[in-house]
Amino acid sequence: MKILKDRIIKDGIIIDNRVIKVDSFVNHQVDTALMNKMANEIINRFKDNKIDKVLTIEASGIAFAYAIASLLNVNLVFAKKEKTSNIGNDDVYSAKVFSFTHNNENTIVVNKKYLKNNENILIVDDFLANGEALKGLISLVEQANANVIGCGIIIEKGFQDGGRFLRNKGYHIESLAIIKNIKDNQITFE
Ligand code: 5GP
């Protein structure tokens, strides 16, 4: 999506040639006009699918997920990160997610009331890197015997393995900008 790629070049801040900060328009300050355009683009890419609910992970996926869910007129659910392990709590589906940016492991949970058998779920997030967040979210959906329609991502870092791994498993992944590599603070898109 050209408008997004241009914005990443203009306002993205690159750290160590591997992390991109997009705080000024995606996940600290949110450019709502851009967010709505990106939401429309994701909806267009999944237009052949019936979507009952949008699922993301707190906190940085929520603005994108909200924009998509509100345009589709469906509910949004965000998985919560628990400091204490909630495994064994019968009220929630849970999965462990290793955070690439924070270098720690979180247990993510969704109350069983909010993911139901056979619901069609679109999973979304701001970034796809090693795929840990998506794998955790997919696991929650599959624990609920709901259907993963696919995953919609703002920025995929194609030089990390998550996208390839999940596509090879057969999941429909759509990313609005895929970064091939970053060298000397220069971003190359696929
Ligand atoms: P993954 O789980 O695919 O390894 O990483 C995705 C998660 O880590 C996303 O939820 C996102 O918040 C965070 N993340 C990964 N890479 C980046 C990055 O380059 N910049 C930012 N801002 N977040 C990232």
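**Entry 1: ligand site**

I looked up where the ligand is and found that it sits in the largest pocket. To count as sitting there, more than half of its atoms must lie within 2 Å of the grid points of the pocket. I note that this is a predicted model, in which local features need pLDDT of at least 70 and side-chain atom pairs count only at pLDDT 80 or more, while totals for chains, interfaces and linings use all residues. Residues are numbered from 1 along each chain as its sequence is written, and side-chain values use heavy atoms, with hydrogens and water left out.

**Entry 2: largest pocket**

I took a pocket as an open set of points on a 1 Å grid over the protein atoms alone, where a 1.4 Å probe fits, with protein on both sides within 12 Å along at least five of seven lines; lining residues have an atom within 4 Å of a point. Volume is the space filled by probe spheres set on the points, which are joined across faces, edges and corners.

For the largest pocket I read about 760 Å³. Its lining has 30 residues, and Ser60, Ser99, Thr101, His102 and Asp126 are the closest to its centre. Two or more lining residues come from each of β2 (19-21), α2 (23-27), β5 (92-99), β7 (120-128) and α5 (132-143). The largest share, four residues, is from β7. Elements here are DSSP runs numbered from the N terminus: helices are H or I with at least four residues, strands E with at least two.

By class I listed 13 nonpolar, nine polar and eight charged residues in this lining. Ala, Val, Leu, Ile, Met, Phe, Trp, Tyr, Cys and Pro count as nonpolar, Asp, Glu, Lys and Arg as charged, and the others, Gly among them, as polar.

**Entry 3: shell around the ligand**

I found 17 residues around the ligand, the closest being Ile20, Asp125, Ala129, Gly131 and Ala133; a residue is near if one of its heavy atoms lies within 4 Å. At least two shell residues come from each of β2, β7 and α5, and β7 gives the most, with four. The shell divides into seven nonpolar, five polar and five charged residues.

I then listed polar contacts, meaning pairs of N or O atoms within 3.5 Å. Gly131 has a backbone N or O atom 2.7 Å from an oxygen atom of the ligand. For Glu132, a backbone N or O atom lies 3.1 Å from a ligand oxygen atom. Lys157 places a polar side-chain atom 2.8 Å from an oxygen atom of the ligand. The protein buries 89% of the 500 Å² that the ligand exposes taken alone, with areas from the Shrake-Rupley method and a 1.4 Å probe.

**Entry 4: second largest pocket**

I read about 150 Å³ for the second largest pocket. Its lining includes Leu76, Phe78, Lys80, Val109 and Tyr114. β4 (75-82) and β6 (104-111) each give two or more residues, and β4 gives the most, with five. The classes are seven nonpolar, one polar and two charged.

**Entry 5: backbone**

Most residues other than glycine have a negative phi, and most peptide bonds are trans. I noted a cis peptide bond from Glu58 to Ala59, with omega near -5°. Ala59 is in the loop between β3 (53-57) and α4 (62-72). Asp16 has a positive phi, near 55°, and is found in the loop between β1 (13-15) and β2.

Terms used. Polar contact = N/O pair within 3.5 Å; in protein donor to acceptor, adjacent residues only side chain to side chain.
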